[in-house]
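Here are my notes on the model, as numbered points. Please read them with the structure open.

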Amino acid sequence: MFALADCNNFFVSCERVFRPDLEGRPVVVLSGNDGCVVSRSNEAKALGIPMGAPLYQIKALVEQEGVVCFSSNFSLYGDLSDRVMFILRKHTSRFEQYSIDESFFNIDHVPAEEQKAYCEKLVRDIRKGVGIPISIGIASSKTLAKVASKYAKKYPGYHGVCEIRTEQQRIKALSGFEIGDVWGIGRKAKAKLQAARISTALQFAEKSSLFAQNMLHKPGLLTWQELNGQDVIDITELPLKQSITTSRTFATAITEQSLLEEQIANFCAHCARQLRTQKSVAQQLLVYVHTSPFRTDIEQHYLSELVTLPIATANNQELINYALAAFRRSYRPGVLYKKAGVVLLKIIPEAAVVPDLFDTHDRAKENRLQRVLDRIEDRQGKRAIIYGSQLASDKTVYKNEHKSPLYTTDIRDIITLKV
């Protein structure tokens with residue numbers, strides 16, 4: 001049996017760990033630049049605040065209902081995620097972290113009749129030890145475990161743990177589960193299934209395997225098998241992302257070349273880390289910077305440079321060098337740039353890289369160094385070691401007016417008590 005642990009309203013829960021006075025109050029966490037809502041407390045959901053809502057559109061509701069807003073604090077969220085995952089890893093020999101707030105783990109070492117109670121204790125231990133509420137779903141496949149975790153999160157009567165063990169439980173759970181909420185069913189797949197008059201997970205699971213494959217090809221067949229209790233999805237073998245993007249809109253327009261280069265270098269490093277996480281490399285890099293299309297009173301310029309790399313790579317230094325060289329070729333002094341981004345394209349597995357006889361890089365040495373830098377970052381926190389191009393100034397270019405302190409990763413923000 002598999003268990004899926006899912007942290008409830010994770011970003012909001014992280015903020016509440018150090019602000020217990022916010023329990024029971026509506027809280028939202030905003031995206032970069034304080035743009036849109038990316039996490040909501042149950043109280044905020046009850047007010048009708050949708051995920052992804054721009055802050056300016058709900059400003060009146062925020063003020064009227066006393067909604068507490070936080071800027072994203074990813075250093076804090078990452079650290080608390082590590083603490084939750086550390087506890088979960090200790091309770092299984094097979095653990096797969098799926099995202100910052102979700103992980104699968106095997107519980108076959110626990111007798112079947114004791115698994116629910118075992119996971120309920122785990123929920124209590126994590127809440128007590130880290131302060132984060134989690135929900136756990138138990139089932140024979142990962143997709144069914146995700147379905148179960150949704151019910152555990154939605155209904156307090158499950159005490160944080162829902163299991164789908166019997167055929168009767170599976171049918172009941174899937175009959176009330178919307179097809180668009182099923183793991184692996186994206187927007188286009190949902191539209192196709194709804195056009196075929198399939199609105200619940202059970203209706204899809206009751207179709208034939210041939211129907212699932214013809215309608216949604218191999219991914220649809222795998223999802224169909226999982227909904228019918230077969231464990232066929234290995235998250236380590238899920239398809240690689242076809243592109244990886246990091247982009248930001250600046251709080252105020254930027255003209256300084258050094259400041260723009262700092263942002264591009266940071267974007268490259270962030271994209272490259274995602275590449276290495278999925279054990280892949282990129283063959284192309286796109287860097288772009290542009291002015292605000294809504295400003296008719298300024299010079300407009302859209303800088304976009306596509307670079308094909310001689311050898312596919314995921315190395316920070318190499319990607320930064322190529323990106324900055326591309327940016328410098330088209331940068332215009334004095335232009336008020338409002339947004340920048342980096343996109344990595346033509347992504348392939350790192351094992352598929354073909355060596356070049358005339359390659360001037362000692363890639364084995366560079367890769368060893370990069371692994372060391374990654375380990376230091378894992379232990380000491382993000383940006384523990386960075387390249388000089390990633391820190392051109394102390395100027396803040398994004399809005400983060402509601403950012404909480406770095407309670408666990410910066411000694412200057414550690415909580416002090418007066419007794």
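Leaving aside its neighbours within four places in sequence, which residues is Asp79 in contact with?

1. Asp79 and its partners. The answer is Thr408 and Thr409, leaving aside neighbours within four places in sequence. Contact here means heavy atoms within 4.5 Å. Asp79 sits in helix H4, residues 74-89. Its relative accessible area is 18%, so Asp79 is buried. The cut-offs are under 20% relative accessible area for buried, over 50% for exposed, and partly exposed in between, with a 1.4 Å probe and protein chains only.

2. Ground rules. This is a predicted model, in which local features need pLDDT of at least 70, side-chain atom pairs count only at pLDDT 80 or more, and totals for chains, interfaces and linings use all residues. Residues are numbered from 1 along each chain as its sequence is written, and side-chain values use heavy atoms, with hydrogens and water left out. Helices (H or I, at least four residues) and strands (E, at least two) are DSSP runs, numbered from the N terminus.

3. H6 against H7. Helix H6 covers residues 142-154 and helix H7 covers residues 167-175. They pack at an angle of about 65°, and their axes are 11 Å apart. That makes H6 roughly perpendicular to H7. The classes are roughly parallel under 35 degrees, roughly antiparallel over 145, roughly perpendicular from 65 to 115, and oblique for the rest. Axes are lines fitted to C-alpha atoms, for helices over the stretch in contact, and angles run from 0 to 180 degrees between N-to-C directions.

4. Handedness and contact residues. The H6 and H7 crossing is left-handed, a term for a near helix turned anticlockwise from the far one by less than a right angle. H6 contributes Leu144, Val147 and Tyr151 to the contact. H7 contributes Arg170, Lys172, Ala173 and Leu174. By type, the contact holds 5 nonpolar residues, no polar ones and 2 charged.

5. Aromatic pairs. The whole structure has 14 of them. Rings of Phe, Tyr and Trp (its six-membered ring) pair if their centres lie within 6.5 Å; planes under 30 degrees apart are stacked, over 60 edge-to-face, and the rest tilted. Tyr151 and Phe177 have ring centres 6.0 Å apart and planes at 50°, so this pair is tilted. The pair links distant parts of the chain, 26 residues apart: Tyr151 is in helix H6, and Phe177 is in the loop between H7 and helix H8 (187-195). Both Tyr151 and Phe177 are buried.

6. The ring centres of Tyr155 and Tyr158 are 6.4 Å apart and their planes are at 65°, so the pair is edge-to-face. Tyr155 is partly exposed at 38% relative accessible area. Tyr158 is partly exposed too, at 31%. Elsewhere, ring pairs join Phe10, Phe11, Phe74 and Tyr77 into a cluster.

7. Backbone points to check. Most residues other than glycine have a negative phi. Asn9 has a positive phi, near 40°. Asn9 lies in the loop between strand S1 (2-7) and helix H1 (10-17), and at 15% relative accessibility Asn9 is buried. His217 also has a positive phi, about 60°. His217 lies in helix H10, residues 209-227.

8. Gly180. This residue is in the loop between H7 and H8. Gly180 is partly exposed at 26% relative accessibility. Not counting residues up to four places away in sequence, Gly180 touches Ile185 and Lys190. The C-alpha atoms of Gly180 and Ala191 are separated by 8.6 Å, with the two residues 11 apart along the chain.

Definitions and conventions: Nonpolar A, V, L, I, M, F, W, Y, C, P; charged D, E, K, R; others polar.
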